[in-house]
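Colleague: I would like to learn how to read a model like this one, feature by feature. Please take me through it.

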Amino acid sequence: MLDFGVLKKQIDQMAVDAKTMQDDFFARIDLAVSEMDRWEEPWETLVTKIRRSRTSWLVANASGPFTEVCSRPERPAELTVIAADGSQIFPDRHEIANCFLINVGYVVLHYGSGERPVMSSEPSLFYEEEDMYHEWAGKRSPVTREIVGVKRNAMELDKVVALAAEAKEEGRTVVGLTDGTLILWMLEGKPYDFRRETLQMTLSGLEQLRELRVPIAGYISDPGSADVVNGLRVGLCPEQPPDCDRCPWKAAEAQALLNLDDDAQKPEPIPCEPIAGVTDDMLYVRKLKSGERSGVFRSSSKILEDYGPHRICFFYVHTGWEVGRVEIPEWVADDEALLDLVHTTIIDQAEKGRGYPVVLSESHERAVVRGADRDIFFKFLKDSYVKNNVKAENSLKQLKKLAATV
Amino acid sequence: MALAKVDTEAFIGEVIESSTSQFVAESRELNGAPPFGAFIKTSGAIPVYGLVFNVCTHSIEPNRRATAYGLTEQELRNEQPQIFELLKTEFEAVTVGYGDDRGPRQVLPPQPPGIHSFVLPCAESEIKALTNNGDYLRCVLSGNRLPVDDLIIASVRHAWAARAFDMPYLVGIGKDLCRLIRDDYDRLSSIMRRISQ
């Protein structure tokens with residue numbers, strides 16, 4: 001039960017803080033935009049500086065000026081767009097049985113031909129020992145929500161690959177889209193064998209798409225990333241080369257915090273600080289017009305070192321509603337025809353979906369497992385257990401939640 | 001109950017709601033419902049005969065509404081193909097009889113049609129058997145929430161067409177209607193006028 005009396009005061013304070021931050025932000029964005037323009041000509045200097053820097057944040061690697069803008073290419077009259085999205089019922093030890101469910105929704109939309117689309121979903125139930133327990137780094141542990149998520153992502157990609165192979169065989173021009181990032185962020189700090197297994201699932205899917213020459217792209221709506229802004233922060237740093245670990249301004253700031261003498265001189269502000277907090281979409285919403293995309297950047301994420309030819313690159317695109325981030329493997333970025341195809345498809349999809357790629361929202365609709373579906377799933381499970389004379393019991397905690405007494 | 005053999009190629013819909021006096025079917029094709037006032041029957045051991053009184057097309061999901069795109073149907077099929085998978089057509093029928101070994105009977109069935117039974121258009125012979133007199137019109141006149149007058153007009157025109165627009169049949173049905181709506185001359189004459197238009 002929420003105490004709204006207490007909560008309301010906290011919400012009001014949050015709104016006041018957000019307002020203060022917002023006012024300060026416009027000035028920061030202005031500065032970031034002017035920084036971007038400043039580096040238009042000597043962009044190679046900035047790129048070299050970035051390459052030699054050591055930063056504590058992710059920085060975009062560019063092979064052209066940060067100000068590069070590409071207009072929308074023409075979409076092929078006939079085009080097939082494929083997407084898959086997953087949803088799940090997580091394992092819950094308070095329920096009657098230890099299992100989880102993954103529902104993969106998938107959509108194949110053929111444009112320009114008037115053909116009927118494919119819109120469906122495939123549920124898979126996992127309950128066997130090898131699904132429910134894993135052994136990584138010599139430690140056996142039960143399946144977690146994160147591992148279910150990893151499995152779901154792999155199944156989504158597998159579905160896109162299978163559908164793409166089918167469509168390609170029929171001689172179609174195909175683009176595959178996924179919801180969200182193609183970078184497996186969750187691998188950071190995970191055991192080696194878990195990383196290897198997960199990476200292999202993703203990379204084999206990407207490799208098959210490369211062989212089929214079907215471009216795949218991850219679309220991120222409302223991206224919070226700041227890789228490009230971080231590049232500009234490197235540009236603001238007077239150090240040669242910039243190294244966040246040896247930042248003299250940060251050291252001075254830390255020293256000042258220790259200094260209890262009020263009369264002591266205030267430390268100089270950190271040179272890269274004035275544009276900190278600005279995100280790339282705030283920058284590009286000023287730079288791009290509807291339908292345009294930025295240049296292609298390489299992500300500097302450590303995880304991508306194991307991606308080989310599938311190293312993830314990204315660009316920003318103005319869909320007319322928002323600036324979204326599009327992630328693509330390097331082999332798509334290096335192939336002008338595939339890159340143009342992804343660019344035009346994303347814009348066209350967002351127009352059709354009135355702000356968000358229609359193929360992604362429809363595959364989500366196919367995938368989604370709602371609360372009512374979850375209840376029916378457990379009812380079926382219970383009925384089937386009872387029919388087969390298997391013990392079917394909720395935990396006492398679960399029962400107490402269902403029928404709390406006074 | 002043994003099911004009658006159904007020509008699965010010919011079915012036009014499938015029953016999704018059923019009661020003794022009315023049933024609702026989902027059309028096999030989007031916008032493919034039988035016309036208003038058409039005679040239809042359900043598959044099953046006891047076929048149930050009905051008269052279509054309402055056709056509607058809407059989103060398959062209650063929380064998603066159709067919105068305007070400003071495109072022609074062909075443009076929509078080319079550029080927004082998913083929307084045709086998200087819409088469905090349903091039609092409602094008022095029950096006017098059922099079939100037994102002697103053919104169609106103008107009486108309500110002992111059991112409503114089964115959910116998921118197929119819906120087929122009636123053959124000419126069945127329409128003739130159901131409409132050989134004006135008795136079926138009593139089901140229409142006594143039905144709930146029916147567009148009674150228009151349903152009489154449309155169904156009589158279908159029955160008349162099944163008889164190759166035979167004039168003596170129309171005169172006979174006209175006499176039956178006179179008996180059924182004798183207390184409202186204006187209404188009766190409007191119905192008669194519109195049938196023969």
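This is a predicted model: local features need pLDDT of at least 70, side-chain atom pairs count only at pLDDT 80 or more; totals for chains, interfaces and linings use all residues.

Colleague: Start with the overall picture. How many helices and strands does chain A have?

Modeller: Chain A has 13 helices and 13 strands. Along the principal axes, its C-alpha atoms fill a box of roughly 80 × 65 × 45 Å.

Colleague: What percentage of chain A is buried?

Modeller: Of the 406 residues in chain A, 33% are buried. As for contacts, take those between residues at least 6 apart in sequence: 74% of them join residues at least 24 apart.

Colleague: Next, helix packing. At what angle do α4 and α5 of chain A pack?

Modeller: A packing angle is read together with the distance between axes. Helix α4 (residues 145-169) of chain A and helix α5 (residues 192-212) of chain A pack at about 15°, and their axes are 10 Å apart. Angles under 35 degrees count as roughly parallel, so α4(A) and α5(A) are roughly parallel to each other.

Colleague: Is the crossing of α4(A) and α5(A) left-handed or right-handed?

Modeller: The crossing in which α4(A) passes α5(A) is left-handed. On the α4(A) side, the contact is made by A:V150, A:A154, A:L157, A:D158, A:V161, A:A164, A:A165 and A:K168. On the α5(A) side, the residues are A:T198, A:M201, A:T202, A:G205, A:Q208, A:L209 and A:L212. Sorted by class, this contact of α4(A) with α5(A) has nine nonpolar, four polar and two charged residues.

Colleague: Now domains. Which domains does the assignment give for chain A?

Modeller: A domain may be written as more than one segment, as here. The assignment gives domain 1 (79-225 + 277-367) and domain 2 (371-402) of chain A. Their C-alpha centres lie 33 Å apart.

Colleague: How many residues does each domain of chain A give to the contact?

Modeller: Domain 1 of chain A gives six residues and domain 2 of chain A gives twelve. The side of domain 1 that touches domain 2 has four nonpolar residues, one polar and one charged.

Colleague: And between chains, how should I describe an interface?

Modeller: The size of an interface is often given as the accessible area lost when the parts come together. Here the description is by residues: twelve residues of chain A are in contact with seven residues of chain B.

Colleague: Which elements of chain A give two or more residues to the side that touches chain B?

Modeller: They are β4 (100-111) and α11 (358-367) of chain A. The most comes from β4(A), with three residues. By class, this side of chain A divides into five nonpolar, three polar and four charged residues.

Colleague: Let us turn to single residues. Is A:P357 buried or exposed?

Modeller: A residue counts as buried if 20 or more other C-beta atoms lie within 10 Å of its own. A:P357 has 26 other C-beta atoms within 10 Å and is therefore buried. A:P357 is found in the loop between α10 (336-352) and α11 of chain A. With neighbours within four places in sequence left aside, A:P357 is in contact with A:L177, A:Y219, A:I346, A:Q349 and A:A350.

Colleague: Why is A:R246 classed as exposed?

Modeller: The cut-off for exposed is 12 or fewer such atoms. A:R246 is exposed because it has 10 other C-beta atoms within 10 Å. A:R246 is in the loop between α6 (227-236) and α7 (248-258) of chain A. Although A:R246 and A:T55 are 191 residues apart along the chain, their C-alpha atoms are separated by 9.9 Å.

Colleague: Which residues other than glycine have a positive phi?

Modeller: Two cases are worth a look. A:N389 has phi near 60°, and B:F165 has phi of about 50°. A:N389 lies in the loop between α12 (371-387) and α13 (396-402) of chain A, and B:F165 is in the loop between α4 (148-162) and α5 (167-180) of chain B. A:N389 counts as exposed, with 7 C-beta neighbours inside 10 Å. B:F165 is exposed, with 11 other C-beta atoms within 10 Å.

Note on methods. Residues are numbered from 1 along each chain as its sequence is written. Chains are lettered from A and ligands numbered from 1 in the order in which they are written. Two residues are in contact if their C-beta atoms, placed from the backbone, lie within 7 Å. Helices (H or I, at least four residues) and strands (E, at least two) are DSSP runs, numbered from the N terminus. Ala, Val, Leu, Ile, Met, Phe, Trp, Tyr, Cys and Pro count as nonpolar, Asp, Glu, Lys and Arg as charged, and the others, Gly among them, as polar. Axes are lines fitted to C-alpha atoms, for helices over the stretch in contact, and angles run from 0 to 180 degrees between N-to-C directions. Angles under 35 degrees count as roughly parallel, over 145 as roughly antiparallel, 65 to 115 as roughly perpendicular and the rest as oblique. A crossing is left-handed if the near helix is turned anticlockwise from the far one by less than a right angle, and right-handed if clockwise. Domain bounds come from an automatic or database domain assignment.
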